[in-house]
Amino acid sequence: RRVHGVMPMCSDPGTSMFPAMSWNLTRFIDSCWKSVGKLPRPTWVVTQFGARNIASASNIIYTNGALDPWSAGGIHDNQGNPTIHTFLMAGAAHHLDLRASNPADPMSVITVRTLGKQIVKQWIREHNKNNH
């Protein structure tokens with residue numbers, strides 16, 4: 001069974017290169033029904049994954065590029081959970097930290113890659129210590 005989630009998309013005049021378009025859930029639902037004969041489930045992501053309720057999660061690194069328009073919807077706070085790490089990378093965009101290194105990479109990305117490796121190595125050390 002396929003689940004059809006909702007990713008709101010809109011743009012504001014003067015702040016985006018895209019034409020102005022306001023978000024309208026009713027219009028979106030109608031469009032889905034007319035184009036593919038399916039109704040989206042607007043709250044599915046929250047129901048399935050808990051949305052921003054990450055306090056009980058563990059061992060997650062969230063990275064967001066400050067140049068990425070999607071970063072506004074990213075996780076920027078670990079909610080007091082020391083096993084969750086959040087980084088905002090200046091001068092970076094979507095997934096730049098997950099790509100191969102490049103001489104043009106901003107220092108923020110180089111730093112996050114280094115910290116990410118250290119964090120994952122620490123998780124592995126802790127796992128091995130607790131399970132051997």
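At 42% relative accessibility, M21 counts as partly exposed, a class that lies between buried (under 20% relative accessible area) and exposed (over 50%), with a 1.4 Å probe and protein chains only. The model is a predicted one, in which local features need pLDDT of at least 70 and side-chain atom pairs count only at pLDDT 80 or more, whereas totals for chains, interfaces and linings use all residues. Residues are numbered from 1 along each chain as its sequence is written, and side-chain values use heavy atoms, with hydrogens and water left out.

M21 is found in the segment before α1 (25–36); helices (H or I, at least four residues) and strands (E, at least two) are DSSP runs numbered from the N terminus. Together with M7, M9 and W70, M21 makes a nonpolar surface patch of about 430 Å². In such a patch, residues have over 30% relative accessible area and no salt bridge, and nonpolar side chains (Val, Leu, Ile, Met, Phe, Trp, Tyr) are joined within 5 Å. Accessible areas come from the Shrake-Rupley method with a 1.4 Å probe, and for residues only the protein chains shown count as cover. M9 also belongs to the segment before α1 and, at 47% relative accessibility, is partly exposed.

The largest pocket has a volume of about 1,300 Å³. Of its 37 lining residues, M7, W70, A72, G73 and G74 are the closest to the centre. A pocket is here an open set of points on a 1 Å grid over the protein atoms alone where a 1.4 Å probe fits, with protein on both sides within 12 Å along at least five of seven lines, and lining residues have an atom within 4 Å of a point. Grid points are joined across faces, edges and corners, and the volume is the space filled by probe spheres set on the points. Both α2 (44–49) and β1 (60–65) supply at least two residues of the lining, and the largest share, 5 residues, comes from β1. By class, the lining comprises 22 nonpolar, 11 polar and 4 charged residues; Ala, Val, Leu, Ile, Met, Phe, Trp, Tyr, Cys and Pro count as nonpolar, Asp, Glu, Lys and Arg as charged, and the others, Gly among them, as polar.

The structure holds 1 salt bridge, a contact that requires a side-chain nitrogen of Lys or Arg within 4 Å of a carboxyl oxygen of Asp or Glu. D105 and R113 form this pair, their closest N and O atoms being 2.6 Å apart, and both residues are buried. R113 and M9 are 104 residues apart in sequence and 30 Å apart in space, C-alpha to C-alpha. L115, in helix α3 (residues 107–130), is partly exposed, with a relative accessible area of 31%. The C-alpha atoms of L115 and H85 are separated by 9.8 Å, at 30 residues apart along the chain.

Most residues other than glycine have a negative phi. Q79, in the loop between β1 and β2 (84–89), has a positive phi near 50° and is partly exposed at a relative accessible area of 35%. H95, in the loop between β2 and α3, has a positive phi near 65°; at 42% relative accessibility, H95 is partly exposed.

Note on methods. Patches are made of residues with over 30% relative accessible area and no salt bridge: like charges are joined within 9 Å, nonpolar side chains (Val, Leu, Ile, Met, Phe, Trp, Tyr) within 5 Å.
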